[in-house]
Structures are given as structure tokens and as C-alpha cells.
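I opened the notebook to go through this structure one item at a time. The entries below follow the order in which I looked things up.

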Amino acid sequence: MLRRSRMALIRVVLLTVLTTLIAGCGDPVKEAKTAAQLRGQIEKALSRMEGTGEVPGLAHRHVTVDPDSEVDGFAIKIYDLKLGTPEIGFQAFKAMTFSLSRSGETHFMASNFKLTPPPVANGPKTSAETLIEQLKNETATIKAE
């Protein structure tokens, strides 16, 4: 009888551990779909900002979106970012990174912005700050299905 109780207890503990591990992994297909959807929406927002001049001299080459369990969301990286105009000066950045953390079931909040190398001078720094504010506003309206 005691042996059966131990075996039952071990089964319950193992089942609990496995369930917790599986739940922690999430659905990789759903995460990949959400990442692709977010990438498309961020690319669209950047293209619009480039075309309208909302951020002076904005240009970029590529965006990646990867699941990031540390922030319960996604890690965003924008490659070969350029900012500036002849009047305010130019600066090129190897990358801009930031995090999109889940805010509720379908919304995200952007944070942890980092430019490599850091912006210099007033002109490009102002453009970088404008870009960060625009991205915060744009990503606040993104909904994942």
C-alpha cells in the first residue's frame, strides 16, 4: 500500500514537472507566426516613416524579430539604420535593438532601446529620439492574433 502511494506521488510530481516544462516552452508555431506578423508590421511602419519624413533621413536595411523569454515577448533588431539630413548631420548605426514585451493578451510594449554605436551630436541624436518615440507609439497599436 505504501509503495503504491509513493508511486502515485512520483507520477503526480513527474506529471506536474512535465506540464510546467511544456507550458513554459509555448507553442513554437504560434510564436513563429506572431514574430512574422510583428516583423511585417514593424517593416511597414519603418517604410511609412521613411517615405513621409517623420524621422529625418531614416533608412534601414532589414528587421528581425525573435522570441525572447526574458521579456515574455520578442527581441527586435533593425540593421543598417541611417538617420539625418545635410542640415542636422548624418549618422549610420550598425543596429537598433529593442524588446517588445507582452502587455495583455494581444498587445505589446516597446522598451530597452539601444543604438550601436550610440548617437552623437544633436541632429542625429534628436532623430534617434524621434525614431524611438515613433516606434513606441507604433508598437503600442500592434495586435497579435
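Which side chain meets that of Asp80 in a salt bridge, and at what N to O distance? I found Arg61, at 2.3 Å, in what is a predicted model. I placed Asp80 in strand β2 (residues 73–85) and Arg61 in the loop between α2 and β1, so the pair ties together parts that are 19 residues apart in sequence. Asp80 is partly exposed, at 34% relative accessibility. Arg61 counts as exposed because its value, 55%, lies above the 50% limit.

**Entry: other salt bridges**

I got a count of seven salt bridges. As background, side chains of opposite charge can pair when their charged atoms come close.

I took Asp72 and Arg102 next; their side chains form a salt bridge with an N to O distance of 3.7 Å. Asp72 sits in the loop between β1 and β2 and Arg102 in strand β3, so I noted the pair as a link between distant parts of the chain, 30 residues apart. Both ends are partly exposed: I read a relative accessible area of 46% for Asp72 and 27% for Arg102. I also noted that Glu31 joins Asp72 and Arg102 in a network of salt bridges.

Glu43 and Arg39 meet through their side chains in a salt bridge, 3.7 Å from N to O. Both belong to helix α2 (residues 28–52) and stand four residues apart, about one turn of the helix. Is Glu43 buried or exposed? I have Glu43 as buried, because its relative accessible area of 18% is under the 20% limit. Arg39, with 31%, is partly exposed.

**Entry: the chain as a whole**

I listed three helices and four strands. Read from the N terminus, their order is α-α-β-β-β-β-α. The chain has 145 residues, and 32% of them count as buried. I looked at contacts between residues at least 6 apart in sequence and found that 51% of them join residues at least 24 apart. The accessible surface is about 9300 Å², and carbon and sulfur atoms account for 59% of it.

In soluble globular proteins, nonpolar side chains tend to be buried together. Here I found 28 residues in the largest nonpolar core, and those with the most contacts inside it include Ile42, Leu46, Met96 and Phe98. Elements giving two or more residues to this core are α2, β1, β2, β3, β4 (107–116) and α3 (122–140). Helix α2 supplies the largest share, six residues.

Leaving aside residues up to four places away in sequence, Met96 touches, among others, Ile76, Ile78, Leu81, Phe113, Leu115, Leu131, Ile132 and Leu135. Lys77 and Lys114 are also among the residues touched by Met96.

**Entry: Gln91**

Where does the side chain of Gln91 reach? I traced the side chain of Gln91 to the backbone oxygen of Pro118, at 3.2 Å. Gln91 counts as buried, with 12% relative accessibility. Beyond four places in sequence, Gln91 touches Leu81, Lys82, Leu83, Pro117, Pro118, Pro119, Val120 and Pro124.

Definitions and conventions:
Residues numbered from 1 in each chain as written. Predicted model: local features only at pLDDT ≥ 70, side-chain atom pairs only at ≥ 80, totals over all residues. Heavy atoms only, no water. Buried < 20%, exposed > 50% of the residue type's maximum accessible area, 1.4 Å probe, protein only. Contact = heavy atoms within 4.5 Å. Areas by Shrake-Rupley, 256 points an atom, 1.4 Å probe, with all protein chains shown as cover. Polar contact = N/O pair within 3.5 Å; in protein donor to acceptor, adjacent residues only side chain to side chain. Salt bridge = Lys/Arg side-chain N within 4 Å of Asp/Glu carboxyl O. Core = buried A, V, L, I, M, F, W, Y, C linked by side-chain atoms within 4.5 Å.
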